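Welcome! Please take a look at the sequence and the model below, and turn the model around a few times before reading on.

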Amino acid sequence: MRGMADFDTSWSIRVYYEDTDAGGVVFYANYIKFFERARTEWLRSLGIEQLELARNTGMMFIVRATALDYLSPARLDDLVVIKSRIERIGGASIDFHQEAWRDAADGSSELLARSSIKIGCVAVDTLRPGKIPPHVRLAMQSAATAAKTLTQASAPAAAA
């Protein structure tokens, strides 16, 4: 099990009726929405607003590919924590690893779903691939580096 320090960011969402299917569990496609919201809020925390990015640079992010493994269902009223980590930043793409966890009142956590999501940077007007704007790349790299540094710093403490 990975610790929080292994991830670049964490974002929580409460499960509502609208998120569940007839069986009372989170509808499988909603995990994709949860992961999208977590990435968007992470960008926002780095000072990157999606609408401003499109207006000011003519570039936007799109989902190019997803792969999800569903391990355990989330249910109504669960608090789901989405943990996100950048696996790779390319010239015009970003690969994310994201996980959905349920936190219990006793402090334990259960992995619900994990995903590999490939994001592309494209021009707003043509939807053709384009370079990730330098200020966005720098903000993402800085956040990912800070998370890795935190992981390395906490590794000796965890081993002790």
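The report below goes from the whole chain to its sheet, its core and some single residues.

**First, how to read it**

This is a predicted model, in which local features need a pLDDT of at least 70, side-chain atom pairs count only at pLDDT 80 or more, and totals for chains, interfaces and linings use all residues. Residues are numbered from 1 along each chain as its sequence is written, and side-chain values use heavy atoms, with hydrogens and water left out.

The predictor's confidence in each residue, called pLDDT, runs from 0 to 100. The average for this chain is 89, and 88% of the residues score at least 70. Residues 1-5 have a pLDDT below 50, yet this stretch has eleven contacts in the model beyond near neighbours in sequence; a contact means heavy atoms within 4.5 Å. Where pLDDT is low, the predicted coordinates should not be read in detail.

**The whole chain**

The chain has three helices and five strands, arranged along the sequence as β-α-α-β-β-β-β-α. These elements are DSSP runs numbered from the N terminus: helices are H or I with at least four residues, and strands are E with at least two. Of the 160 residues, 40% are buried, where buried means under 20% relative accessible area, exposed means over 50%, and partly exposed lies in between (1.4 Å probe, protein chains only). Among contacts between residues at least 6 apart in sequence, 69% join residues at least 24 apart.

**The sheet**

In what order do the five strands stand in the open sheet? The order is 1-3-4-5-2, with antiparallel pairing. Strands pair if DSSP finds at least two bridges between them. Strand 1 (9-14) and strand 2 (59-70) are the edges; each has a single partner strand, so one side of each is left without a neighbour in the sheet. From one strand to the next, the twist averages 25 degrees.

| Strands | Direction | Bridges |
|---|---|---|
| strand 2 and strand 5 | antiparallel | eleven bridges |
| strand 3 and strand 4 | antiparallel | nine bridges |
| strand 4 and strand 5 | antiparallel | eleven bridges |

Aspartate 95 is a handy landmark: arginine 88 stands opposite aspartate 95 in strand 4, while the bridge partner of aspartate 95 in strand 5 is lysine 118. Strand 3 and strand 4 form a hairpin with three residues between them. The hairpin of strand 4 and strand 5 has five residues between the strands, and there glycine 107 takes a positive phi near 95 degrees.

**The core**

Nonpolar side chains tend to be buried together in soluble globular proteins. A nonpolar core here is a set of buried Ala, Val, Leu, Ile, Met, Phe, Trp, Tyr and Cys residues joined through side-chain atoms within 4.5 Å. The largest such core has 32 residues, and those touching the most other members are Tyr31, Phe61, Val80, Ile94, Ala100 and Met140. Helix 1, strand 2, strand 3, strand 4, strand 5 and helix 3 (134-159) each supply at least two residues of this core. Leaving aside neighbours within four places in sequence, valine 80 has contacts that include Trp11, Ala100 and Leu112.

**Polar residues under cover**

Is histidine 97 buried or exposed? Histidine 97 counts as buried because its relative accessibility is 16%. Histidine 97 lies in strand 4 (residues 93-103), where ten of the eleven residues are buried. A polar atom of the histidine 97 side chain lies 3.5 Å from the backbone oxygen of serine 115.

Arginine 39, found in helix 1, is buried too, at 7% relative accessibility. Its side chain makes a polar contact of 2.8 Å with the side chain of glutamine 98. A polar contact is a pair of N or O atoms within 3.5 Å; within protein, one must be able to donate a hydrogen and the other to accept it, and residues adjacent in sequence count only if both atoms are side-chain atoms.

**Two loop residues**

Most residues other than glycine have a negative phi. Aspartate 77 has a positive phi of about 75 degrees although it is not a glycine. Aspartate 77 sits in the loop between strand 2 and strand 3 and is exposed, at 51% relative accessibility. Leucine 127 also has a positive phi, near 60 degrees. Its place is the loop between strand 5 and helix 3, and at 52% relative accessibility leucine 127 counts as exposed.

How values were computed:
Axes fitted to C-alpha atoms, helices over the stretch in contact; angles between N-to-C directions.
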